[in-house]
Amino acid sequence: MLVTDVVVQVLADPAVEPAGLLPARQQMALSLGWHIILACFGVAFPAMLFTMHLIGIRRDDPNALMLARKWGKVAAVLFAIGAVSGTVLSFEMGLLWPGLMGTYGDVLGLPFAFEGLAFFLEAIFLGIYLYGWDRIPPKRHVLMVLPMAVAGVFGTYCVIAVNAWMNVPVGFEVVDGQVTNIDPWAVLFSSAAFWQFLHMWIAAYMVVGFSVAAVYAVGMLRGRRDRRHHLGFTIPFAFASVAAVIQPVVGHLLGNRLAERQPAKLAAFELATETESPSPLRIGGFLIDGTVRWAIDIPYLGSIVARNSFTAPVEGLDTFPPEDRPPVNITHWAFQIMVGIGLLLMLSVIAYWVARWRGHDLTDRRWFLRLVAVSGVLAIIAVEAGWVATEVGRQPWVVYGFMRTSEAAGDNPGLWWVLGVTAVVYSGLTVGAIIVLRSMARRWRAGDVELPSPYGPESALASSEARGGAHRDTRGDTHGDTRGDTGEERQ
């Protein structure tokens, strides 16, 4: 019954929807779900890289400098792969959603243009940073990370502003069915954009901080307890700790706005079938045939969490026409997974720092290292769940209250082929990224810090010099031997 319910919600009736709607949804989910993880590294990793590099310069610490050098190369690999998926996404907006871009393209053009400029700036300064090792004075070299970090954050803000606009449309009027009085700056400066970006920005620090710390936690589990692993664990874990503690507060402030702006999404989050006052907090459960089953209700807590009140109600799903309700079970569970993982990670970092304050180092405990080792994956799952909650909870609207998703899609069944090609490309990128990163890690562990290319001018020149040296040695030895022989003969 449950499976049928979910399938019906995801795969809407193809007889009444455009032929391009379902493949467009699947492809957007694939592309966005894949790209968002790499985007997190573009947003948060430069700050950690800058901190590590600065520690290396200030303390004259070769371990910190070595880590910064390695992290810069990892950032370059992830940036290159993210550039591919980001470019694919930009083309998909027009290909998959011609109704949206044809109608609201003038409203959304400015944020997308700024995002493109930010991308180029990020690429330029990343290149300067990588090239600058051993070439630019240290204090000037580390500053090259800052423009890269700012550009990454600003570009992400522009993209989030577009998504926030889809949830809370501003900057236009519809007169006689035509979009007019367009103010594209309103998209960038809306309060919805600020809060949604803040939520995503902090989430990026959680993803990257826990993921990088997890790498070094695994190394510690394997017995590597040197200073490099200690630094590699502590810096990203500190960033992740601050983010994990702040995130519930920001998420709460963001969620409080749903009651006014997207009450149907809030009702799906809370699995509220009817308006109740006070509303309980509903943990778990499924909506089956209009009835909530297997949920645990905590009285009053729903009103407190969603409305900052002991008595304020959460508007129920029954107050919305069936055609205006989002897929409830998917939205509800995605939201609960995000919140549950976020709370677990917050408690784990609080436990670590409290123990450290009391003189105990939890990195000596294998159970804690195992928890950190999986924390990166948990943070990624939380981000993916959060985006599912945001995107699915907005349905059936692509522009809330103005355009349904079915109106934005085209009538092109050929998009299934595009989806297949995209899946193959992303699978190849995933395999390639894993191979490259594992190869880099293996060679670094073997002491091959510079990672020379197996071919190319430098390798050819080195081989040539090696051959020339050997030849000179041979000639020298021959001449010497000859001279020696001659001397011996003379003697």
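1. Buried means under 20% relative accessible area, exposed means over 50%, and partly exposed lies in between (1.4 Å probe, protein chains only). F368 has 2% relative accessibility, so F368 counts as buried. W357 has 73%, so W357 counts as exposed.

2. A word on the basis. This is a predicted model: local features need pLDDT of at least 70, side-chain atom pairs count only at pLDDT 80 or more, and totals for chains, interfaces and linings use all residues. Residues are numbered from 1 along each chain as its sequence is written, and side-chain values use heavy atoms, leaving out hydrogens and water.

3. Rings of Phe, Tyr and Trp (its six-membered ring) pair if their centres lie within 6.5 Å; planes under 30 degrees apart are stacked, over 60 edge-to-face, and the rest tilted. The whole structure holds 32 aromatic pairs. Y129 and W133 have ring centres 5.8 Å apart and planes at 70°, so they pair edge-to-face. Both Y129 and W133 are buried.

4. W367 and F368 are also worth a look. Their ring centres are 6.0 Å apart and their planes at 85°, so this pair is edge-to-face. Which residues do ring pairs link into a cluster? They are F210, F233, F237, Y352, W353, W367 and F368.

5. Next, charges over rings. The test is NZ of Lys or CZ of Arg within 6 Å of the ring centre and within 35 degrees of the ring normal. The charged end of R135 sits over the ring of Y131, 4.3 Å from its centre. R404 lies over the face of W397, 4.5 Å from the ring centre.
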